[in-house]
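Hello,

Here is the structure for you to look at. My notes on what turned up follow below.

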Amino acid sequence: MKKILVVCGNGLGTSLMMEMAVKEVAKKIGLEVDIDHEDLSSAASSNADIWVAATDVATQLEEAGKQNIVSLANIFDKASIEAQLKTFI
C-alpha cells in the first residue's frame, strides 16, 4: 500500500479538498493507498510515497528534496490527478 500525503500551506481547507479528490481518483483506478493531509511545514519532516500539492507548494516540496510529486495547477482537476498518479504506479 502506498502512502499519499496531500499538502497545502496551512493543512486545512485546500488539502482536505484535494484529499477528497485524490481518494476518488485512487478508488477509480484501483490504487490501494493510505491518504492523509497536512501543512507544508509539517510535511518537511514527513515521509510519503507520493506527494500531492498545488503548483506553488509542489515547488517548495521539490526544493525540500521530496520526489514523486503530483503538482496541480487546478486542485479540482481530477483528470490531471489521475494522469500524474498513474506515472507513479
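The accessible surface of the chain comes to about 4900 Å². Carbon and sulfur atoms hold 49% of that surface. Please keep in mind that this is a predicted model.

Charges next. The chain carries 8 positive and 13 negative side chains. The centres of the two sets lie 7 Å apart.

Now the overall build. The chain has 4 helices and 4 strands. From the N terminus on, they run β-α-β-α-β-α-β-α. The radius of gyration is 11 Å, close to the 12 Å that the globule rule gives for 89 residues, so the chain is as compact as a globular protein of that length. Its C-alpha atoms fill a box of roughly 30 × 20 × 15 Å along the principal axes.

Inside the chain, 44% of the 89 residues are buried. Take the contacts with a separation of 6 or more: residues 24 or more positions apart account for 57% of them.

Helix H1 deserves a look. H1 covers residues 13-29. At 1.5 Å a residue, its 17 residues should span 24 Å, and the end C-alpha atoms are 25 Å apart, which agrees.

Which residues of H1 are buried? They are Ser15, Met18, Glu19, Ala21, Val22, Val25 and Ala26. An α-helix has 3.6 residues a turn, so residues three or four places apart point the same way.

What do the buried residues of H1 pack against? The partners are strands E1 (2-8), E2 (33-39), E3 (50-54) and E4 (69-72), along with helix H4 (78-86). After H1 comes glycine 30, with a positive phi near 75 degrees.

Best wishes

Technical notes
Residues are numbered from 1 along each chain as its sequence is written. This is a predicted model: local features need pLDDT of at least 70, side-chain atom pairs count only at pLDDT 80 or more; totals for chains, interfaces and linings use all residues. Side-chain values use heavy atoms; hydrogens and water are left out. Helices (H or I, at least four residues) and strands (E, at least two) are DSSP runs, numbered from the N terminus. The radius of gyration is taken over C-alpha atoms; the globule rule is 2.2 Å times the number of residues to the power 0.38. Buried means under 20% relative accessible area, exposed over 50%, partly exposed in between (1.4 Å probe, protein chains only). Contact means heavy atoms within 4.5 Å. Accessible areas come from the Shrake-Rupley method with a 1.4 Å probe; for residues, only the protein chains shown count as cover. Lys and Arg count as positive and Asp and Glu as negative; His and the chain ends are not counted. The place of a charge is taken as NZ of Lys, CZ of Arg, CG of Asp or CD of Glu. The expected span of a helix is 1.5 Å times one less than its number of residues.
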